[in-house]
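Biologist: Could you take me through this protein with care, giving the cut-offs behind each term as we go? I would like to see the sequence and the model before we start.

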Amino acid sequence: MESADRDDAPKDDPGTGPAPDGATTPETADEDGGTPDSPSGTETSEGAAAEGASGNGRAGLAIAAALLLACGGLVGYGLLDTEETKPKARAVPTAEVTYEVVGEGPVEISYLARSEDGTATVVRDAELPWKKTVQVPLGKPPTVAIVLGEKGGQAACTLAIRGEHVQRATASGEFGRATCAGELPAAGQ
């Protein structure tokens, strides 16, 4: 349909005059040749059609936006999940080790637990008696060390591997120290 300017339209009506950029105006003639203001026998005019189309257009636009977001999410998930699945580290064989500290006074305890890099866990101001059973990787020496505080006292550490007592050591006095260590077989033995 072509846009038609109406010469008989009032000049101070803001909806009249030529439409910018070739857009049609509500005054555009409908299929019957009439204008929306003229009774052409049909109530369907471009304005009414535009109202119905805009309602359907909004629903269609909402559906299209939802589909676009869903597709974008799937594409994003595919792009983000492109890392190859890394094989899980092989389980390191371990042995059960029980550390125990008895005595009086607060004590600092350092012990080795399941850690492939061999770092120790430290418990500060541990209340005695203290006992911990952990898994230690085979080939790593299980160790527990104690340090008394400035008030001194007396404390003893013990070490048991797989339920068998291995070593006992005693610390006493101000900042007294003691260490209990054992040997685990290397992995595969």
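Biologist: How many salt bridges does the structure hold?

Modeller: A salt bridge here is a side-chain nitrogen of Lys or Arg within 4 Å of a carboxyl oxygen of Asp or Glu. This is a predicted model, in which local features need pLDDT of at least 70 and side-chain atom pairs count only at pLDDT 80 or more, while totals for chains, interfaces and linings use all residues. Residues are numbered from 1 along each chain as its sequence is written, and side-chain values use heavy atoms, with hydrogens and water left out. By that rule, the number of salt bridges that the structure holds is one.

Biologist: Which residue forms a salt bridge with arginine 124?

Modeller: The closest N and O atoms of the pair are 2.7 Å apart, and the partner of arginine 124 is glutamate 108. The pair links distant parts of the chain, since arginine 124 belongs to strand β3 (residues 120-126) and its partner, 16 residues apart from it, to strand β2 (residues 107-112); strands are DSSP runs of E with at least two residues, helices are runs of H or I with at least four, and both are numbered from the N terminus. The partner of arginine 124 is therefore glutamate 108.

Biologist: Is arginine 124 buried or exposed?

Modeller: Buried means under 20% relative accessible area, exposed means over 50%, and partly exposed lies in between, using a 1.4 Å probe and protein chains only. Glutamate 108, at 28%, counts as partly exposed. Arginine 124 has a relative accessible area of 59%, so this residue is exposed.

Biologist: Which cysteine is joined to cysteine 157 by a disulfide?

Modeller: A disulfide is a pair of cysteine sulfur atoms within 2.5 Å, and here the S to S distance is 2.4 Å, between cysteine 157 and cysteine 180. This pair also links distant parts of the chain, with cysteine 157 in strand β6 (residues 154-161) and cysteine 180 in strand β8 (residues 177-181), 23 residues apart. Cysteine 157 is buried at 0% relative accessible area, and the residue joined to it, likewise buried at 0%, is cysteine 180.

Biologist: What is the handedness of the disulfide of cysteine 157 and cysteine 180?

Modeller: The handedness is given by the torsion about the S-S bond of cysteine 157 and cysteine 180. That torsion is about 90°, so the disulfide is right-handed.

Biologist: Which residue does the side chain of threonine 98 join in a polar contact of 3.1 Å?

Modeller: Threonine 98 lies in strand β1 (residues 94-103) and is buried, with a relative accessible area of 16%. A polar contact is a pair of N or O atoms within 3.5 Å; within protein, one must be able to donate a hydrogen and the other to accept it, and residues adjacent in sequence count only if both atoms are side-chain atoms. The side chain that threonine 98 joins at 3.1 Å is that of threonine 133.
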